[in-house]
Amino acid sequence: MPRLVMPSTWRGWSLLVIFLLLVVMGIWPVIGWINQQTLLWGMPSLIIWSYLIIFACSGAMLLGNCLLRRRHGADPLSKTSAGERDGGAA
């Protein structure tokens, strides 16, 4: 049986809370409260809420990338290859 991995830093815990809040924002009871017949900026409130969730998810992932950046070793997205980092022994 797989083990559950829990965050060990305040950064990890804060991101876990953010992602859980985003999940709660998209489940049925909350959607039922938002899905009203009102228009905001000419669009139904449910569409505005959907855009809010999409941008909040993107922001949470960007925040996660910034907060949980690798501290040791090279960034996997850097332009140097493994051979160049290891002194040419690829």
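I started with S45: setting aside neighbours within four places in sequence, I find S45 in contact with I34, Q36, T38 and L40. I keep in mind that this is a predicted model. S45 sits in helix α3. Is S45 buried or exposed? Its relative accessibility is 8%, and buried means under 20%, so I put S45 down as buried.

Next I looked up helix α1, residues 10-25. I checked its length: at 1.5 Å a residue, its 16 residues should span 22 Å, and the end C-alpha atoms are 22 Å apart, so the two agree.

Which residues of α1 are buried? I noted G12, L15, L22 and M25. Looking down the axis of α1, I see these buried residues within an arc of 145 degrees, so they line one face of the helix. On the face of α1 turned away from the buried side I found W10 and L21, both exposed.

What do the buried residues of α1 pack against? I traced them to α2 (28-34) and α3 (45-67).

Then I went to the largest nonpolar core, which has 7 residues: L22, M25, V30, I31, W49, I53 and A60. Helices α1, α2 and α3 each supply at least two residues of this core, and α3 gives the most, with 3 residues.

Last, I picked M25, one of the core residues. Leaving out neighbours within four places in sequence, I list V30, I31, W49, L52 and I53 as its contacts.

Note on methods: Residues numbered from 1 in each chain as written. Predicted model: local features only at pLDDT ≥ 70, side-chain atom pairs only at ≥ 80, totals over all residues. Heavy atoms only, no water. Helix = DSSP H or I, 4+ residues; strand = E, 2+ residues; numbered from the N terminus. Expected span 1.5 Å × (residues − 1). Buried < 20%, exposed > 50% of the residue type's maximum accessible area, 1.4 Å probe, protein only. Arc of directions from axis to C-beta. Contact = heavy atoms within 4.5 Å. Core = buried A, V, L, I, M, F, W, Y, C linked by side-chain atoms within 4.5 Å.
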